[in-house]
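Student: Hey, can you walk me through this one? I'd like to start with the ligand.

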Amino acid sequence: MINKKEKIYIGKAKGPINIALIKYWGKADEELITPLNNSISLTLDTNTFYTETKVTIQSIGENKDKIKENNISLKINGNPSKITKRIKNIFQKFLSLDYPICKELSSFLLDIKIESINTFPIASGCASSASSMAALVLAITSALKLDNILSKTELTKIARLGSGSACRSIFGGICEWITGTGDNSLAVQLYEKNYWDIGVKLIIVNQKEKDISSSEGMKITKETSELFKYRIEHIVNKHLENLKESLKEKNFNSFSEIIIKDSNNFHACCRDSYPSINYLNEESDYIMKCVFCLNKLYGQNICAYTFDAGSNAFLIYENKNKKIIDNFFKYIFVFDDINIDDLIKLMEIKNIENNKNEINKLKMSKPPKEKIMNQIDFNLGDGAKILYD
Ligand code: PMV
């Protein structure tokens, strides 16, 4: 039985993953979760990968001690969670806002239940935390009926507290997370999802949890890598500027070069850390080789790769070239039902015999088939959304 002091607030939302083109790596402030550099990402559609979250907030009597930190009891999918600190920070942030519902709830003891489903491998560099924290923030917004009150920009500041990169999943299309000062770090949308017909192919080579979380990894890199200092002082801002220029011009050739270089530079900084960190594996290296080969054969860049803190590859291309990319990787990896001559014709490659040899050489050196587990295609998508039943 619910007495009149006990109220229930329920909200549901869906969050997308995003893939960083210019990487966030290294915090300026560990508590506020503010980054050392701006980052840019693509928000991906939620056809296959997403998080759906339901939040139930129950006020269960007054918080007599007024100890705000302790007024929340949290159950995640029915269990107490290990990652409650960041999630609690998100709730505390909502409760500290200057709206009647937030003020009222902050004086109550709260029993909060989070039920959530993820449709992808967690902690394998597939941005699961970004989609789950973005979904959580939208679900709370809906539960507290703040959806017409809080702007998306405000929501990015709150999502950041759950997982830095989550702030970029609030918006769809192409987004930038701006370092800002203090608590004012937020994400903005640079372009909406239809601005440029870009596709993304995720090649999953590993579904295992990564050994070193991104939070831990970026801390080690920041503390120990000289190369990382150089990245922050001399490289990353140049990449940001050049990427924005290529986006403005829709120049895929330079766009892809910067994406590849930023991924390489980020992983080089990880390797340069002490102890050294390696998120990539043999299969990741092989996919990079394939992308370089494909671009060389085509005579210009039609495909970029990027890797987050995991070995799974994200390939980025213009959808007008999707068929070439699909067939190339099908021929290399998956099945032999693609004919090399058809592939060469599709790619409009000249110097046929030499190039056939090059593709076949690459195919011969591929890792065992079972290591390349799955390929998933995305288009650019919308930001996190409230689900109304
Ligand atoms: O948001 P976090 O703490 O999971 O860190 C994400 C770090 C990278 O995925 C490697 C890069 C990025 O910008 O998303």
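**Ligand, core and rings**

Tutor: A polar side-chain atom of S165 is 2.7 Å from an oxygen atom of the ligand. This is a predicted model, where local features need pLDDT of at least 70, side-chain atom pairs count only at pLDDT 80 or more, and totals for chains, interfaces and linings use all residues. Residues are numbered from 1 along each chain as its sequence is written, and side-chain values use heavy atoms, with hydrogens and water left out.

Student: OK, how far is the side chain of S163 from an oxygen atom of the ligand?

Tutor: An N or O atom in the S163 side chain is 3.0 Å from a ligand oxygen. For D308, a polar side-chain atom lies 3.3 Å from an oxygen atom of the ligand.

Student: And how much of the ligand does the protein bury?

Tutor: The ligand taken alone exposes 380 Å², and the protein buries 93% of that. These areas come from the Shrake-Rupley method with a 1.4 Å probe.

Student: Which residues come nearest?

Tutor: Y24, S163, S165, R168 and S214, out of 14 residues around the ligand. Being near takes a heavy atom within 4 Å.

Student: R168, got it. What does the side chain of N18 do with R168?

Tutor: Their side chains make a polar contact at 2.8 Å. That term means a pair of N or O atoms within 3.5 Å; within protein, one must be able to donate a hydrogen and the other to accept it, and residues adjacent in sequence count only if both atoms are side-chain atoms. The N18 side chain also makes a polar contact with the side chain of S169, at 2.9 Å.

Student: Is N18 buried or exposed?

Tutor: Buried, because its relative accessible area is 2%. The cut-offs are under 20% for buried, over 50% for exposed and partly exposed in between, using a 1.4 Å probe and protein chains only.

Student: New topic: how many aromatic pairs are there in the whole structure?

Tutor: The search finds eleven. One of them is F49 with F378, edge-to-face, at 5.7 Å centre to centre and 70° between the planes. Rings of Phe, Tyr and Trp (its six-membered ring) pair if their centres lie within 6.5 Å; planes under 30 degrees apart are stacked, over 60 edge-to-face, and the rest tilted.

Student: Are F49 and F378 buried or exposed?

Tutor: Both are buried. F328 and F329 have ring centres 5.3 Å apart and planes at 85°, so that pair is edge-to-face.
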